[in-house]
Amino acid sequence: MAAYGWDEGWESAFAPYAERGLLPGRVVRVDRGSCDLVVTEEGVIRADTTYVTPHDPLRVICTGDWAAVDAPGGDPRYVRDYLPRRTSFVRSTSSKRSEGQILAANVDHAVVAVSLAAELDLGRVERFLALAWESGAQPVVVLTKADLVPDATALAHLVQDVETAAPGVPVLPVSAAYGDGVDVVTAVVGGGTCVLLGPSGAGKSTLANALAGTDVMEVQAVRDVDGKGRHTTTTRNLIPLPGGGVLIDTPGLRGVGLYDAGSGVGQVFAEIEELARDCRFHDCAHVAEPGCAVLAAVEDGSLHERRLDSYRKLLRENQRIVAKTNARARAEMRKEWKRRGAEGKAALDIKRGRMR
């Protein structure tokens with residue numbers, strides 16, 4: 001189990017379940033049906049997740065979770081519970097709803113795959129990084145299909161552009177098809193759990209195969225019509241790596257909505273947050289306020305205006321989802337109070353009736 005990330009911390013947390021005769025296992029894949037693949041000391045097994053599939057999409061069991069599974073003998077075998085997560089990668093389920101969806105659990109590195117076969121979308125990179133930082137994992141940006149940029153100077157400029165949008169994050173150009181740069185990625189993320197993130201066509205499955213040293217994921221070419229990728233991966237899969245550690249490959253993400261990622265946004269735009277400390281007003285919106293240090297940096301060229309626009313956009317989006325989430329929570333609480341109030345009144349009426 002150590003090859004899948006089992007350590008003394010997990011063993012200590014699992015002790016109460018071990019006393020009940022349950023076995024530890026890590027979720028390898030979550031199917032759309034009622035069963036999951038879980039790797040245990042006896043190998044990979046199927047286990048029914050009826051007991052760990054609540055209506056809350058943040059609490060449903062997912063790939064990367066450490067599960068408490070029935071001992072051999074039962075048919076089916078059930079996942080009875082899972083250990084508290086150390087990290088979790090969460091996105092908003094929809095721009096019109098206030099629910100979060102967990103994509104991967106207990107991740108050490110979040111690898112954002114960005115294809116150099118298409119024009120760089122730095123705003124999308126910043127969005128992925130905000131969620132990655134918020135998850136508690138260390139982000140890494142991998143620029144895939146680097147062989148399509150044979151000019152070394154042009155490639156260096158592209159790396160520099162992404163580094164500007166990803167302060168404090170390693171940016172690694174890779175050609176998985178030719179093996180170039182794969183060893184560098186392995187050195188950065190090896191030994192722990194990493195999750196591969198990015199849109200369809202970003203080269204995640206090709207990169208997963210290169211890191212695994214074998215064809216564990218199916219690979220398809222992008223469409224010639226628009227250059228967009230097909231959904232090669234349809235489930236989240238946990239793959240052991242030959243040098244140690246595991247990789248979670250994910251389906252291509254068309255939409256990546258923020259979900260309560262305020263601190264993640266702050267880390268992505270650390271230089272803006274640092275500048276904001278010198279603004280005249282502590283609640284400066286960096287729009288037209290006098291004495292705004294952020295606007296002054298844009299004016300003198302030390303801060304690119306695109307960065308400020310992206311910062312404002314992600315902040316607004318995050319504030320909206322937080323407001324919706326809070327409003328939804330308050331509405332659910334009011335419903336619960338009404339329900340309890342009605343139950344309490346009914347109980348009181350019964351009691352009074354008995355007293356009469």
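Biologist: Is helix 2 mostly covered or mostly open, and how many of its 14 residues are buried?
Modeller: In this predicted model, buried stands for under 20% relative accessible area. By that cut-off helix 2 is mostly covered. The buried residues include L122, V125, F128, L129 and W133, along with the charged E126 and R127. The number of buried residues in helix 2 is 11 of 14.

Biologist: Which residue follows helix 2, with a positive phi?
Modeller: Helix 2 covers residues 122-135. The residue after the helix has a phi near 100°, and that residue is G136.

Biologist: Which element gives the most to the largest nonpolar core?
Modeller: This core has 63 residues, and L129, V141, L143 and V162 have the most contacts inside it. Leaving aside neighbours within four places in sequence, V162 touches L120, L122, V125, V141, L143 and V171. The element giving the most, with 8 residues, is helix 2.

Biologist: Where does pLDDT stay under 50?
Modeller: The mean pLDDT of the protein chain is 84, and 81% of its residues reach 70 or more. Where pLDDT is low, the predicted coordinates should not be read in detail. The stretch under 50, for which the model has 29 contacts beyond four places in sequence, is residues 222-234.

Note on methods
Residues numbered from 1 in each chain as written. Predicted model: local features only at pLDDT ≥ 70, side-chain atom pairs only at ≥ 80, totals over all residues. Heavy atoms only, no water. Core = buried A, V, L, I, M, F, W, Y, C linked by side-chain atoms within 4.5 Å. Buried < 20%, exposed > 50% of the residue type's maximum accessible area, 1.4 Å probe, protein only. Helix = DSSP H or I, 4+ residues; strand = E, 2+ residues; numbered from the N terminus. Contact = heavy atoms within 4.5 Å. pLDDT = per-residue confidence, 0-100.
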